[in-house]
Structures are given as C-alpha cells and as structure tokens.
Amino acid sequence: MTYLAADSVQILGSAPAKIILFGEHSVLYGYPALGLSLARGVNIQMRAGEGRVFTNFSTNLHTAVESSTSTPDPLVRKALGPSFDTLDVDITFEVPVSAGLGSSAALATALIRANLTKNKKVADPAEILRRAMTVEDVAHGKSSGLDPAICVYGGLVFFQRTSENDFSIEQVKLKESFHLVVGAYGSHGGTSRRIKAVTELRKIYPSAIDSAMKTLGHCADWGISAMKSGDLYSAGHAMNLAHGVLSGMGLVGQMVEQLTRVARHEGAYGAKMSGSGGEGGAVVALVPDIQTGNEVSTRWRELGAETWIETAS
C-alpha cells in the first residue's frame with residue numbers, strides 16, 4: 001500500500017491478536033473458554049486527514065486483504081465516530097486477517113486506545129472491552145466478548161458468560177510456562193457464517209448439538225484445570241477431544257485437519273482448530289518443548305501455513 005507522508009503528530013494505538021485454546025462456539029452457550037494473547041497484533045497510526053484508511057501487512061501473510069469478509073473501514077468508522085472524517089488511519093496487521101486470530105477484535109481495541117490517547121482520556125479495561133465489543137459487532141454480528149477480552153486484558157484469559165450481558169474474566173496464573181505453535185492457513189470465510197451454520201444445525205438436531213456444546217464445556221474445564229496445575233499432557237488430550245467435536249460439527253477444513261494430525265505426529269501433546277472454523281483458518285498445537293515446536297513449525301510451513309511459536313507464562 002502507498003502511505004501518506006506522516007504529519008509531525010501521530011496518534012498511536014496497539015493491541016495483541018489472540019488464539020483460543022478452549023471454548024469456540026460453546027462460549028455462546030454459557031460454557032467457559034480460555035484464550036491467549038499473542039506477541040503479534042495490530043498497530044494503529046492516526047493523523048489529520050480526510051477519512052482514509054491504509055492497510056499494511058508486516059509479514060508475508062497467506063490471507064490477502066481481498067479475501068477478508070469485510071474491509072476495515074466500517075470498524076474504523078464505528079470506533080472513531082464522527083472524528084473519522086477528519087483523520088487518516090494507517091493499520092498494520094501482524095497476523096493474517098479473517099483467519100481466526102482475532103484481527104477484528106485487536107483492531108477494535110487498538111482503535112479505541114488510539115482514540116482515547118487522541119482525546120487525552122483514560123478508560124479502565126472494562127470500559128475499553130465494552131466499547132471493543134460494540135465495534136466488533138460490525139464484523140461478527142454479535143460479539144461473544146471472548147476475543148476482545150483476550151485482546152484487552154492480555155495473557156492467558158479465562159472467560160465465561162454469566163448472562164446475556166455479563167461475563168466473568170480472569171487472568172490465569174500458571175505454575176510454569178508452556179509453548180504453543182500457532183498457525184494459519186487461508187481464510188475461515190467469516191465468523192458470522194460459522195455461527196449461523198451451527199445455529200441452523202441446532203435447529204435440526206437440538207439434542208445432539210446441545211450435547212456437543214456440553215462436551216466442549218467439559219473439555220474446557222478439563223483443559224483449564226490441567227494447565228493451571230501444569231499437567232500439559234492432559235491439557236493436550238482435552239484439546240484433541242475438543243477438536244474432534246468441532247470437526248464433527250463440520251467446522252474444520254481439510255488442510256486444518258491435516259495440520260493438526262501432522263502436529264500430533266511430530267510430538268505435540270495436542271492440536272486443534274482455533275476460532276470459528278471454516279475452509280481454512282487458525283490452528284494451535286501444545287508442544288512439550290521448543291525443539292518439538294520448531295519441528296511442528298517446519299512441517300506446517302512445508303504445507304503452506306503461516307506459523308510461529310508463542311510462550312505463555
């Protein structure tokens with residue numbers, strides 16, 4: 001993209017992307033979820049302008065802007081309000097968009113933080129989260145709150161809806177750090193589409209889908225407890241079981257399925273899709289050490305995935 005010459009004053013904002021370890025889809029039914037903020041995210045620069053948005057990707061990402069289900073412009077306008085017309089906004093994505101890594105939630109959070117800085121205001125995390133959820137609704141129809149909660153609070157985040165408009169959030173403390181391989185292959189095709197697909201499936205087979213959601217909830221309980229105690233082997237099994245349920249609901253594309261199997265073959269404790277699912281999207285593997293993580297990353301890159309290693313501590 002071609003950038004405008006920067007003015008002397010630039011307003012900056014940033015937020016991390018995320019990966020979901022447990023709770024995709026079932027979080028909408030009141031079950032717990034666990035996610036991790038990533039070292040990569042979204043960075044914002046704003047300056048006086050004419051309501052223009054410029055996008056940039058900092059790495060050689062496989063998901064092009066054109067494959068996104070929407071352009072960033074509606075999110076930017078929602079986050080900035082009337083002041084958008086007097087600004088130019090540069091957005092740098094450090095993760096693939098439309099891939100289940102929370103790019104829209106990170107963008108919403110980064111924009112809100114930049115706007116607060118511009119207006120010399122301070123807001124606590126709860127207020128930023130509330131605003132970010134409203135902005136993310138532009139991309140997903142109705143935000144569960146999970147993605148922006150991870151982007152706002154950071155670290156390993158427990159999230160559970162306690163009512164339609166309320167939720168519980170906890171920044172999880174670990175006994176020891178662990179390593180994850182994060183990957184993305186292509187686009188998931190849109191979060192709202194996947195949520196709608198599950199909703200339609202539930203209309204046809206309500207008892208089966210309710211049972212699947214309950215199982216995903218049990219996987220989350222098991223996995224969260226195991227991670228807190230440092231039992232990564234059990235956490236990996238919980239990931240594998242959760243992935244199987246999500247796959248059974250038709251939410252896992254062929255290549256993501258292959259990536260999970262390759263990760264397990266290379267020694268990962270567990271591997272699963274992450275996010276809403278679809279034709280492509282994000283995948284995550286829990287590995288016993290960096291060496292195994294590098295081996296998984298190498299194999300994933302050979303298959304065409306964008307991948308890197310994250311450490312949770």
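Modeller: A cavity is a set of grid points where a 1.4 Å probe fits but cannot get out, and its lining residues have an atom within 4 Å of a point. The model we shall read with this idea is a predicted one.

Colleague: How many cavities of 30 Å³ or more does the count come to?

Modeller: The count comes to two cavities of 30 Å³ or more. The second largest cavity holds about 30 Å³ of space.

Colleague: Which residues line the second largest cavity?

Modeller: Its lining consists of Leu251, Val252, Gly253, Val256, Met273, Ser274, Gly277, Gly278, Gly280, Gly281 and Ala282. Strand S8 (270-274) and strand S9 (281-287) each contribute at least two of the lining residues. By class, five residues of this lining are nonpolar, six are polar and none is charged. In reading these classes, note that Gly counts as polar.

Colleague: Let us consider the strands. How many bridges join S1 to S2?

Modeller: Bridges tell us which strands pair, and at least two are required. S1 and S2 run antiparallel and are joined by 10 bridges; within this pairing, Gly13 stands opposite Ile44 in S2. S2 also runs antiparallel to S4, with seven bridges, and there Val42 faces Phe93 in S4. Four bridges connect S2 with S5, again in the antiparallel sense, and Leu36 is placed opposite Leu156 in S5.

Colleague: How many residues lie between S5 and S6 in their hairpin?

Modeller: Two residues lie between S5 and S6 in this hairpin. Strand S5 (residues 156-163) pairs with strand S6 (residues 166-171) over six bridges in the antiparallel sense. One of the paired positions joins Val157 to Gln171 in S6.

Colleague: How many residues does the largest nonpolar core have?

Modeller: A nonpolar core joins buried residues through side-chain atoms within 4.5 Å. The largest one here has 41 residues, and those with the most contacts inside it are Ile44, Met46, Val76, Val89, Ile91 and Leu107. Among the elements that give two or more residues to this core are strand S2 (33-48), strand S4 (87-93), helix H2 (103-118) and helix H4 (146-153). H2 provides the largest share, nine residues.

Colleague: How many residues of H4 are buried?

Modeller: Seven of the eight residues of H4 are buried, and the helix is mostly covered. The buried ones are Leu146, Asp147, Pro148, Ala149, Ile150, Cys151 and Val152. After H4 comes Gly154, with a positive phi near 75°.

Colleague: Cys151 is among those buried residues. How many disulfides does the count come to?

Modeller: A disulfide is a covalent bond between the sulfur atoms of two cysteines. The count here comes to zero disulfides, the cut-off being a pair of cysteine sulfur atoms within 2.5 Å. Cys151 has a relative accessible area of 1% and is therefore buried. Cys219 likewise counts as buried, because its relative accessibility is 1%.

Definitions and conventions:
Residues numbered from 1 in each chain as written. Predicted model: local features only at pLDDT ≥ 70, side-chain atom pairs only at ≥ 80, totals over all residues. Heavy atoms only, no water. 1 Å grid on protein atoms, 1.4 Å probe; cavity = no way out; pocket = protein on both sides within 12 Å on 5 of 7 lines; lining within 4 Å. Points joined across faces, edges and corners; volume = space filled by probe spheres on them. Buried < 20%, exposed > 50% of the residue type's maximum accessible area, 1.4 Å probe, protein only.
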